[in-house]
Amino acid sequence: MKILKSIYLVALSAASLGVVSCGASGDDQGLEYAPQMYHSVAYEPLTQIQNEEAGSWLSNREDGKGEFYNSNIYNPHNMNMREPVPNTVPRNKYDMLPYRLNVADLAAADSLENPVELNDQVLAAGDQLFIQYCSPCHGASGEGDGKVGEVIGGVANLKGGAYINLTEGHIFHVITHGKGRMGAHGSQISPERRWKIVHYVKQEIQKQ
């Protein structure tokens, strides 16, 4: 029984000591558990502090370096960001280059092919995007009878006239840069989403 009481007493003392040791006041920050969670290394993209002693008065980093040291030793020249390979152009997951045709290059856009593979998921996404961005003017069926279209007038009926023969590249270009009363949507809709809308227009609205 005495042994059990002794164990309880030691446990209580240890718990009390632990609680007291966590107290902080003034310049005393107390003890921190898992300090790396509180003092993670912040790699700034444009500034690198290479002095390993900077902020040592504050630091409790596991690597023993100062709190403010943030130079990335794993990248060349201690840089925190890698520079792109010279003379290269970024591509997205569809292997698409940035769209560089200007608003006046509509004729050149006619020859563009849709890089997004057509499937049920793409059509479903195109449907939702068309409702979100296009239906207010063009209407849910693409006949130019949307609520906004009724007010401003002159909205294209995508099912009629010359619009039925528009190429995929033409539609993509007009979504990107706008034409006539239609404003440009290139800053609002990503290229991949624009191509999905094109698929939906050609397959579901124009039935081609």
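Reader: Is His185 buried or exposed, and how do I tell?
Author: The general idea is a cut-off: a residue is called buried when its relative accessible area is under 20%. Keep in mind that this is a predicted model. Here His185 has a relative accessible area of 17%, so His185 is buried. Its place is in the loop between helix 5 (168-177) and helix 6 (191-205).

Reader: Which residues does His185 touch, leaving out those up to four places away in sequence?
Author: With those sequence neighbours set aside, His185 touches Tyr133, Ile175 and Thr176.

Reader: Ile175 takes me to helix 5. How many of the 10 residues of helix 5 are buried?
Author: For a whole helix, you go through its residues with that burial cut-off. In helix 5, eight of the 10 residues are buried, so this helix is largely enclosed by the rest of the structure. The buried ones are Gly169, His170, Ile171, Phe172, His173, Val174, Ile175 and Thr176.

Reader: What do the buried residues of helix 5 pack against?
Author: They pack against helix 2 (106-109) and helix 6. Have a look at the backbone too: just after helix 5, Gly178 takes a positive phi of about 80°.

Reader: Now the rings, please. How many aromatic pairs does a search of the whole structure find?
Author: The search finds three. To read a pair, take the distance between ring centres and then the angle between planes; under 30 degrees counts as stacked and over 60 as edge-to-face, with tilted for the rest. Phe130 and Tyr200 form a tilted pair, at 5.5 Å centre to centre with 45° between the planes. Since Phe130 lies in helix 3 (residues 120-138) and Tyr200 in helix 6, the pair ties together parts that are 70 residues apart in sequence. Phe130 and Tyr200 are both buried.

Reader: And what about Phe172 and Trp195?
Author: Their ring centres are 4.1 Å apart and their planes are at 10°, so this pair is stacked. Phe172 is in helix 5 and Trp195 in helix 6, so the link joins parts 23 residues apart in sequence. Phe172 and Trp195 are buried as well. Together with Tyr99, they form one aromatic cluster.

Reader: What is the lining of the largest pocket like by class?
Author: By class, there are 17 nonpolar, eight polar and two charged residues in that lining.

Reader: Last topic: how many disulfides does the structure hold?
Author: The general idea is that a disulfide is a covalent bond between the sulfur atoms of two cysteines. This structure holds zero disulfides. For Cys134, the nearest cysteine sulfur is that of Cys137, 8.9 Å away.

Key: Residues are numbered from 1 along each chain as its sequence is written. This is a predicted model: local features need pLDDT of at least 70, side-chain atom pairs count only at pLDDT 80 or more; totals for chains, interfaces and linings use all residues. Side-chain values use heavy atoms; hydrogens and water are left out. Helices (H or I, at least four residues) and strands (E, at least two) are DSSP runs, numbered from the N terminus. Buried means under 20% relative accessible area, exposed over 50%, partly exposed in between (1.4 Å probe, protein chains only). Contact means heavy atoms within 4.5 Å. Rings of Phe, Tyr and Trp (its six-membered ring) pair if their centres lie within 6.5 Å; planes under 30 degrees apart count as stacked, over 60 as edge-to-face and the rest as tilted. Ala, Val, Leu, Ile, Met, Phe, Trp, Tyr, Cys and Pro count as nonpolar, Asp, Glu, Lys and Arg as charged, and the others, Gly among them, as polar. A disulfide is a pair of cysteine sulfur atoms within 2.5 Å.
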